[in-house]
Amino acid sequence: QLKLVESGGGLVEPGGSLRLSCAVSGGVHYPAIGWFRQAPGKERVGVSSISINDESQVYEDSVLDRFTISRDSTKNTVYLQMNWLKPEDTAVYYCAAGIGGLMPIAYDYWGQGTQVTVSS
């Protein structure tokens, strides 16, 4: 079983930055960690993912050049650096462990989520 714990969410003004963290524990092998978000009344969608093997990265188009995913293997933690935040980035952000890519169905283990609110 895997446990994922997100942190780092909060309230930020448009144009600001936040760094989310996803701490992973447990003995299950997983090929990738993904970040997802879900806005009120909307489906959960993929934002970015990183391969554990070669650290290859995938980004959803709307966050390309603004968000960066990274991994610290010594801390079993994956980060999502979010810059130039926009009000439409407001959502609950989840990290998950699974096969890879940006489809939620490809991920089996999920964290509890952290709220990100972008507002002036």
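This is a predicted model: local features need pLDDT of at least 70, side-chain atom pairs count only at pLDDT 80 or more; totals for chains, interfaces and linings use all residues.
**Strand β4 and its neighbours**

Strand β4 covers residues 32-38, and six of its seven residues are buried, so the rest of the structure largely encloses this strand. Two strands pair with β4, as the table shows: β5 and β9.

| Partner of β4 | Residues | Sense | Bridges |
|---|---|---|---|
| β5 | 45-51 | antiparallel | six |
| β9 | 91-98 | antiparallel | seven |

With β5, strand β4 forms a hairpin that has six residues between the two strands. Look in that turn for G41, whose phi is positive, at about 80°. On the β9 side, you can find F36 with its bridge partner Y94.

**The disulfide**

A disulfide is a covalent bond between the sulfur atoms of two cysteines. This structure holds one. Its partners are C22 and C95, with sulfur atoms 2.1 Å apart. C22 belongs to strand β3 (residues 18-26) and C95 to strand β9, so the pair links distant parts of the chain, 73 residues apart.

Are these two cysteines, C22 and C95, buried or exposed? Both are buried. Why is the disulfide called right-handed? The torsion about the S-S bond of C22 and C95 is about 75°, and therefore the disulfide is right-handed.

Terms used. Residues are numbered from 1 along each chain as its sequence is written. Side-chain values use heavy atoms; hydrogens and water are left out. Buried means under 20% relative accessible area, exposed over 50%, partly exposed in between (1.4 Å probe, protein chains only). Helices (H or I, at least four residues) and strands (E, at least two) are DSSP runs, numbered from the N terminus. Two strands pair if DSSP finds at least two bridges between them. A disulfide is a pair of cysteine sulfur atoms within 2.5 Å.
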